[in-house]
Amino acid sequence: MDWNIPTLEELEHSVWRCTACGTCKTAYDYGPPATNADICPAGTEFGFEGYMASKGKIAFARGILTGELELDQDLVDAIYKCTLCGGCQNQCQLDHKPVIIEMIEAMRRRAVEQGVGPLPSHKIIAQSIATYSNPYQGPRRVRTDWTRAFRKGSKPIKDIQKEAAPILYFVGCTGAYNQAGRVMPTATASVFNKLGIDFGILGEDELCCGSTAMRLGEVDTFKRLAEANLETFQRLHRDQGVETIVTSCAGCFRALHKDYALAVGYEEAMEGIEVVHVVDYFHRLLQEGDLDLQAVEPRVVTYHDPCHTGRHMAAFSVDEDGSTQYPGAYLGQDDAECVYDAPRALLEAIPGVELREMVRIRANSYCCGGGGGVMTGFGEWATKNAAKRIAEGEETGAQEMVTICPFCRNNLGEGAKRVGHGTPVRDLTELIDEALAGESGLGKVSKGGRTMKPKERVLERLAGRAVDKTPVGCTTTYGMVDLMEACGAARPLADTDPVAMATLALAGVEHAGFEWVKAMGWDIVPMSEAFGCALGEPRIDMQYSIKGHPLAEGLDALDYPADFLTRGRFPMFEEQFRILKDRVGEEYAVYGETEGPFTCAANLVGTEQFMRWTAKEPEKVQQVLEVTKNAMIDVIKWAFAQGADYFVMAEPSSGPALMSPRSWERFVKPVITEVAAAVDGPLVLHICANTDKIVPLMCDTGVAGISIEEKADMKYAVEVAERAGVAVFGNVATATTMFMGTPEEVYDESIAALEAGTHFLTPGCGIAPRSPLENVRQLRKARDDFFSR
Amino acid sequence: MTSPVDTIDGTSIIDELREIVGEASASSAKHVRYAYSYDMSFVLPKLPDFVVMPTTVEQIQAIMRLANREKIPVVPYTAGTNIGGLCIPERGGILMDLKRMNRIIEIDDEAHYAVIEPGVTHAMLAEALQVFDLRFGWPVGPPSASVASCAISHGIGGLNARYGLNSQEITSMEVVLPTGELVRVGSCAINGEAWHSLLPLPQLDGLFKGWLGSSGVITKLGIGVHPTPPLLKVFTVSCADVHDMYSYMLNLSKYEICDDLTAVSWWLSQVPIPSPYRPKPDGAPEFFSFANTTSWTEKEREAKEEIWQMVVDEEQAKGTSLKVTEYPEEALRARTELPSQIVGSTKNYCKEGGAGISWPGTFTPAKKWAPVYTDWKRILIDHNLSPAVRMSMYRGVHYGMLRAMIPFSKETPEAIENARHAIVECLKVDLEHGGIPYKPPVDFAIEINKRVHPGYLDLLKRVKHLLDPNDIMNPGKLGI
């Protein structure tokens, strides 16, 4: 295939059309009122004229062409210090305007050709594209990882090579390989499914569009990919009925639309096939009345125009034959293909969304700083630039920044972190998905319509349905000294007084950022207490613990008293439930928690002896368990009657550190299964230590969720649990990290848990009383950051 | 890459510069220097040895002290958008890029002045002034050009007919002398908070205006700004010859009703200027004029229109070729919507010509416009260049700006030399008629110095030596 990709020499005449007037350096509009702003990320950062807009880059081109500048490493470095955003191009009024980006890319191609480009960091990408056909060094099989949820769901995504469909969804490498970027294809496919749109993907056979290679000057790699893709598109059109290629990646969109058009015969190759950005596609549906967007939680957003979907799509008219001005005269610019109006129209069509514009928008949008290989070559600068854009967005009062490019989304997300305000950056498709009701195909029915309230988020997730983001909180105990000091309700009063108990419970929400609330005290001995176990004296930093075992000497005293639920602290718990439900019952889920039947039984007998019985006198074990099981059922029913939204059975004594999986299956599983079968609300089973070996058993008890420690493998647990329709809670380490570690360590561990797929981000166990509040807050921060990427 | 003057007495100049302005703001890399080696003009490219971007007055002082110690030339630079090669280093040295000193320090919307740093651009100041409904005499330079550089070089703007040159708007100055001392002239010299007036003190500002950056580095500038009347009315006429246009402008200027009173030849009214020369169509006027007026009330506007109509009637009664006419729309927008990307980007100047543009830009008595234009037209057409000439009245007096915008290709040395030769020939004609070039390239300075009174030249040299004993400040630009 022949290509019309010009060399620098072929662009020399255009180079000499630049007067170096510097109009390209600033985004100025007469108005009135006049507006003016920086437009060149490189010029803003580096300042010297050579880095400044097209004036500077063309100086480099001029020097190379005249031989006055040697294409050495210094110059190559400078040539790659450009995001190729085209902001300068939008200002220019002269004849070279249409080829400004081409001139810069031609210099890069020259650098590659001479073996001095791209930059070392770019070479890794270039090598990856050449080897793996993606810039992320990812094996082919990983390309479809994002579809896993759909495979398990109700609408597996079509392999378009096997099943015909009119729409090819060209996912793009960032959507497929970048962890944060996967929200885009997921949201896109979800929306397609909700709308009943027939589409398919190339899956593992999709190749990189070549955009990155082209931007870096790796033209041979670009051509190879583009030619292969064009051939695939033709074949899919011919054999599988593909008429439309939809992309949700701005880079792919630009490549397929504009770079591929440099191929001789592009028009013929793409005959009958339309390339459209997903946002344009949704906009058409909106115009046709086929996009029923429902109200989302009210929010103010601002919109960032990506360069690749915006001004890069501008068409330039040139007086080719001289009939209007003179041959080669630049006549005008047509922005009809630029994706400016569609995203704005969609945002404005979502009830609850208020769009507030930044100063630099549309053709004068300020680049996020990540394009043209800058994110890879000069990451620090890219982030710094993104932070400026985020700050500009924040000046509008927007709570979220919305865009339609995965690179922008990622880079702006990094910028938001740098700014430190954590402005969420979201893809528009995510918002559309949120605003649409229907069957997403993820195996869960999305409510659609809005950001969920905390209670809804918790209960929907516990019910196995889709949520807007992973709930964060604690599902064990969180009687922390810092919280007590923050809310004024301290142990031991908060162990027994319903008001203090409720106050401390709510402090988790108010001060730690938790999204649900614990009832029933700050320990896991209430049933044992009601059975008559002696308890140790609590202190501000020490919870109730077992000091005496009523059945230590034998089972003669084994009894399930009729007044069980009026014993111990149950009356206080009843009052605490009432307070909590009154105060936050609408907004936050409330859970009850006690020790589970096995742990309770071990407390009554003494753990050591009880464990011995499991091997030597199993009938005694069963005898005690029969009693504690019934008590457990009653307690749980009672808790639900008080308004508990779910109930946690903590079974530390049944952990793998104390018993084998075989014993667990023999003694614990049947009891838990019976309890789960006997009650109507959702149960969560918490077990300490490395539960890897019993996770399948735990998930097979009928509970709605399992809570695991950091010693357990979250990824594995999620995989097992999802198969069983069970949610996983966890698993930030409470002792080593939350108590003894730094906030950064807690944050990192939280991110790791989220990346591993936890369904509820929680501590792996009860939080140690002396854990710093700042550490605990990192869970919420990590969750928020994770979902704003 | 090292510079030819990078080692003096075992000291690395670039290291010292970096110590002053920071690692990232000083460079001797050739690709960095290269972008400063040329501009739009015919002036041949020359490389600086270093580029620095100071951000404070103290940094500038330190650079000047270093330059004096080592006797290294210093060329102040803001945007490099002049078309006289004024920032091209004649003798290498340190190019001082001031774009990052771009604070608008104050806008006094009551006393009507602004205090700005040298890197403040027309676009920045226009945006800031509009908040207060204030305006300035915006030139036809790019929006990214420097307000201060234009003003201290006697640049012109869109309010020339009303307020005079932009240099006449200067109200106070802060300057780092070539020897590194900081001085202030005008009211700010007495009270650091007062930037309202140069008068009634001795006008020491004259030491720094029109010196082409060879007598100091302006670090702060007070400039007068003006309220913006809401009603704009542009009166446009055309004439078949330059004499008739001169007669009309002379007549209208005496009423002092215009913000800008300008005439442009047919070639300059085109967007873009025809390049190479093309004859104008038969019957097309030789000159167009736009007279920009602004008024506070409808009555005032009507009164101005009455005066203008009276002048038109009088001129037509003389039997001149004057006609009330429409001015080409895009060109008119470029003249009234300033700062402008249309003329600012040189779209209507050198779009067709190529990368080059220069001028014979002069202050010339109005009565000499016609003869000078006639000669210029002949010279330029002989060089296959369009006579794209502009004539503008200054502050109601009967002299003003006469210039020809000459676009040319820079792709060949021959094209550049052709333009240079034509422009210098035009300049000679103007000098013979009592004109004076402004923002002159060195070629012009040489022609001026051939003609000036010896006492003037001697005084110029003495003052220059007094301020810049080591001749390090943009040396060579004055042709002395």
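The following is a conversation about a predicted model with a chain A and a chain B.

Colleague: Before we start, what should I know about the numbering and the model?
Modeller: Residues are numbered from 1 along each chain as its sequence is written, and chains are lettered from A, with ligands numbered from 1, in the order in which they are written. The model is predicted, and local features need pLDDT of at least 70, side-chain atom pairs count only at pLDDT 80 or more, and totals for chains, interfaces and linings use all residues, while side-chain values use heavy atoms, with hydrogens and water left out.

Colleague: How many residues does each chain bring to the contact?
Modeller: Chain A brings 48 residues and chain B brings 48 residues. Contact here means heavy atoms within 4.5 Å.

Colleague: And how much area do chain A and chain B bury between them?
Modeller: About 4000 Å², with 56% of it on carbon and sulfur atoms. Buried area is the accessible area (1.4 Å probe) that two parts lose on being put together, summed over both.

Colleague: How many salt bridges cross that interface?
Modeller: The rule finds 2 salt bridges between chain A and chain B. A salt bridge is a side-chain nitrogen of Lys or Arg within 4 Å of a carboxyl oxygen of Asp or Glu. K351(B) and D95(A) form a salt bridge through their side chains, at 3.0 Å from N to O.

Colleague: Which elements of chain A touch chain B?
Modeller: Those supplying at least two residues each include β1 (26–29), β2 (35–38), α2 (41–46) and β10 (329–334) of chain A. The largest share, 6 residues, comes from α3(A). Helices (H or I, at least four residues) and strands (E, at least two) are DSSP runs, numbered from the N terminus.

Colleague: Switching to chain A itself, which residues of α15(A) are buried?
Modeller: In α15 (residues 278–287) of chain A, the buried residues are V278(A), V279(A), Y281(A), F282(A), H283(A) and L285(A). Buried means under 20% relative accessible area, exposed over 50%, and partly exposed in between (1.4 Å probe, protein chains only).

Colleague: What covers them?
Modeller: The cover includes β4 (167–170), α10 (183–195) and α20 (428–435) of chain A. After α15(A) comes G289(A), with a positive phi near 80°.

Colleague: Where do E400(A) and R426(A) sit?
Modeller: E400(A) is in strand β12 (residues 400–403) and R426(A) in strand β13 (residues 425–427) of chain A, 26 residues apart. Their salt bridge has its closest N and O atoms 3.9 Å apart.

Colleague: Now chain B. What does D259(B) pair with?
Modeller: D259(B) forms a salt bridge with R162(B), with the closest N and O atoms 2.6 Å apart. D259(B) lies in the loop between α7 (242–253) and β15 (260–265) of chain B and R162(B) in helix α6 (residues 160–163) of chain B, so the pair ties together parts 97 residues apart in sequence. D259(B) is buried, at 2% relative accessible area, whereas R162(B) is partly exposed at 31%.

Colleague: Is S392(B) buried or exposed?
Modeller: S392(B) is buried, with a relative accessible area of 1%. S392(B) is in strand β20 (residues 389–394) of chain B, and its side chain makes a polar contact with the side chain of R390(B) at 2.9 Å. Leaving out residues up to four places away in sequence, S392(B) touches several others, including M249(B), W369(B) and Y399(B).

Colleague: What order do the strands of the open sheet in chain B have?
Modeller: The 8 strands run β17-β14-β16-β15-β20-β21-β19-β23, with antiparallel pairing. Two strands pair if DSSP finds at least two bridges between them. At the edges are β17 (323–324) and β23 (436–437) of chain B, each pairing on one side only. β15(B) and β20(B) run antiparallel and are joined by 3 bridges, and V264(B) stands opposite R390(B) in β20(B).

Note on methods. Polar contact = N/O pair within 3.5 Å; in protein donor to acceptor, adjacent residues only side chain to side chain.
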